[in-house]
Amino acid sequence: MRQPTGSSACSAKRDVSATRLVSVLGLAFGDCGKGLFTDYLCRRWGAHTVVRFNGGGQAGHNVVLPDGRHHTFSQFGAGTFVPGTATLLAYPVIVHPTALLVEHEYLRRCGVDDALDRLLIDARCRVTTPFHQAAGRMRELERGALAHGSCGVGVGETARHALLHPQQALTYADLAHGGAALDKLEAIRDALLAQFGAVCGAPNKQTAYDAERRVLTDAGVARRWLGQVEALLRRAPPAPHDAVATRLQRPGTVLFEGAQGVLLDEWHGFHPHTTWSSIVPETVEAVARDAGQHGKIAHFGALRTYMTRHGAGALPTHDARLDHLAEPHNSSDGWQGRFRRGHPDALLLRYALAATKQLDGLLVSHLDVFEREKALRWCVAYDVEEGVERVRIRGIVPGVRGDLEHQAGLARLLSGAHPHYAAGATCSASQFVSEVEALSSLPVLFGARGPTHEAVAPLVRAFR
């Protein structure tokens, strides 16, 4: 069986003579290894640009270097440790300017001083403000036990507010015009403040609610925030469309790095535990076409050897006995809440493949799990209660785009599903790879036996 060799990606031959377009898309609820594979592929193919094409500041893609340095990439592309690799925040990414400055400082501490100089931000990108972040948190606090699983950084609130009040939507280009930007910020603050009372709907969350509400009632926040953003504008001014197009049409390798996973997609995820973002190949291709890049994009789906979920929402194969599996960069603290682990799920894998539709191959992380866990089992069906009977379900299918009632029905089904496991356990990396290929009818192109690029290797020998 084919297994990763652990050979260093730095020694791999790079092909930068032709244009190569690749996307890395998560096939679960996030935490699939997108950061690791982006870092590896940037090194292997000498990528000149990583394009963030969806989501915003709520992403968390971990990259660990062989020398022990680590960074959780939120808005910068996960290829930023590779000298010369640029990041493009393309429209419709939602930009969190002050969080970008904080992230740049963390990168500086990791030895990367020029990340802002390698950053392009599409002038059309919408912007998350302190008011969006506060309002999003207040909305989540009011939900109490029915929380959606927000990351607490305001991405969803920014998208929601722009839909309801398009004239108030703040773009990155707007930030270069201080007076007009200030007027929009005050309009956003007034509109959001009017949506909340002084009392939180969940009484035990009142203290946290009050802290966020003070952001909306402080008349000085907007001006102070704009003053902070000036430091970002000086280093990364709004990029006009022709600059974006020039970057994406440049010969060489471009990687499109997806945020979150398709099981959290705004249309294909399980409503309401979703993100306000689309995580499918069509989104990647729309961004490329917008920049005049019409080349073939190879779409790679990333997955772990076992299921994980951070925050609210169903995880049918959750098994507390798997909590011993180390998770150094995901905790149960913060806005999302508990980080859970579960056995591999054939139904959710097939569902993710149906939602993405047009993948060219797979990337599998955490193949080294079998050194510590010898009893991962494949869930091949769900048992669900229908009235007084228990019914066995062997597959679920996405609804048509926009049918959130269908997606909410799937969420209810998953929340009551009891996993039915295949006989026998998956005990080795090679066995898991073979099982995934049989389930998906796709080749596993690269696999990782550890957290650094040195632990990644090609599994298809003909694949350059």
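Five bridges tie strand β15 (residues 379-386) to β16, and the two run antiparallel. One of the residues involved is D383, whose bridge partner in β16 is R392. Keep in mind that what you're looking at is a predicted model.

Let's zoom out from that pair. β15 and β16 belong to an open sheet of three strands, ordered β16-β15-β17, with antiparallel pairing. Which strands stand at the edges? They are β16 (389-393) and β17 (418-421); each has a single partner strand, so one side of each is left without a neighbour in the sheet. From one strand to the next, the twist averages 35°. There's a helix here too: α10 (residues 346-356) packs on the sheet and touches both β15 and β16. The direction of α10 makes about 100° with that of β15.

Now for the ten-strand sheet. This one is also open, and its order reads β9-β7-β5-β2-β10-β1-β11-β14-β18-β19, with mixed pairing. Its edge strands, β9 (238-239) and β19 (456-458), each pair on one side only. Look inside the sheet and you'll find β1 (residues 20-26) joined to β10 (residues 253-261) by six bridges, with the two strands running parallel. Across that pair, S23 stands opposite F256 in β10. What holds such strands together? Strands of a sheet pair through backbone hydrogen bonds, either parallel or antiparallel.

Next, a hairpin. Strand β3 (residues 61-64) is joined to β4 (residues 70-73) by four bridges, and they run antiparallel. H61 has F73 as its bridge partner in β4. Which way do the residues of β3 point? H61 and V63 go one way, N62 and V64 go the other, and all are buried. Between the two strands sit five residues, and G68 of this hairpin takes a positive phi near 100°.

Here are the bridged pairs side by side:

| Strand pair | Bridges | Direction |
|---|---|---|
| β15 and β16 | five bridges | antiparallel |
| β1 and β10 | six bridges | parallel |
| β3 and β4 | four bridges | antiparallel |

Methods
Residues numbered from 1 in each chain as written. Predicted model: local features only at pLDDT ≥ 70, side-chain atom pairs only at ≥ 80, totals over all residues. Heavy atoms only, no water. Pairing = 2+ DSSP bridges. Axes fitted to C-alpha atoms, helices over the stretch in contact; angles between N-to-C directions. Contact = heavy atoms within 4.5 Å. Buried < 20%, exposed > 50% of the residue type's maximum accessible area, 1.4 Å probe, protein only.
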